[in-house]
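I set aside a page for this one and went through it a piece at a time. Here are my notes, in the order I looked things up.

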Amino acid sequence: MMEIEHNWMDQALIEATRAAGEGEVPVGAVVVKDGRLLGRGHNRTRALSDPTAHAEILAISAACQAVDGGHLAGADIYVTLEPCAMCAGAIVLARLSRLYFGARDPKAGACGSVFDIVREPRLNHAVEVYAGIGADRAQELLDEFFAGLRDQA
């Protein structure tokens, strides 16, 4: 992957670190188009008492507000963890062009691991997927977070 992709994933990792600092599962996301950051987000499900407040949903929402529209054709999303089914569906509905993600999610990943919603041929839009960018750091953040939870129990 080119340096640009790693730089944007670094921004998503910053968001994931913010989530961890707030006691949230450390997942971060950024939406980018033509080299311009349109939206960013990190998990806030606990803070907002909202199970839909995933990093991807918040970043997509912010990006849609930035472009004053509901579609993000030509934009890319960078996420530290493989999106779940809800977030994969939102990526398709927003018409994002490319998804770059770090760590795979073997339990709930919907972009190749458990399901492959973003490339489902029966849907009206397909997304290019690039996995593994920043995966080591993303997985490290997740491992540290969940180890901390186990230590508290």
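Predicted model: local features only at pLDDT ≥ 70, side-chain atom pairs only at ≥ 80, totals over all residues.

I began with leucine 13, which I found in helix H1, spanning residues 3–21. Is leucine 13 buried or exposed? Its relative accessibility is 9%, and buried means under 20%, so leucine 13 counts as buried.

Then I turned to alanine 66, which lies in helix H2, residues 55–67. Alanine 66 has a relative accessible area of 38% and is partly exposed; that class falls between the 20% and 50% cut-offs. With neighbours within four places in sequence left aside, alanine 66 is in contact with Arg36 and Leu38. From alanine 66 to isoleucine 117 I read 26 Å between C-alpha atoms, for two residues 51 apart along the chain.

On to the pocket. How much space lies in the largest pocket? I noted about 460 Å³. Its lining is made up of 20 residues, and Val25, Leu81, Asp105, Leu142 and Phe146 are the ones nearest the centre. By class, I wrote down nine nonpolar, seven charged and four polar residues for that lining. Which helix gives the most to the lining? My answer is helix H4, residues 135–152, with five residues.

I finished with the chain as a whole. Along the principal axes, the C-alpha atoms fill a box of roughly 45 × 35 × 30 Å.

Of the 153 residues, 43% count as buried. The chain exposes about 7,600 Å², and carbon and sulfur atoms supply 52% of that area.

My last entry is about contacts. Taking those in the chain with a separation of 6 or more, I found that 55% come from residues 24 or more positions apart.

Methods: Residues numbered from 1 in each chain as written. Heavy atoms only, no water. 1 Å grid on protein atoms, 1.4 Å probe; cavity = no way out; pocket = protein on both sides within 12 Å on 5 of 7 lines; lining within 4 Å. Points joined across faces, edges and corners; volume = space filled by probe spheres on them. Helix = DSSP H or I, 4+ residues; strand = E, 2+ residues; numbered from the N terminus. Nonpolar A, V, L, I, M, F, W, Y, C, P; charged D, E, K, R; others polar. Buried < 20%, exposed > 50% of the residue type's maximum accessible area, 1.4 Å probe, protein only. Contact = heavy atoms within 4.5 Å. Areas by Shrake-Rupley, 256 points an atom, 1.4 Å probe, with all protein chains shown as cover.
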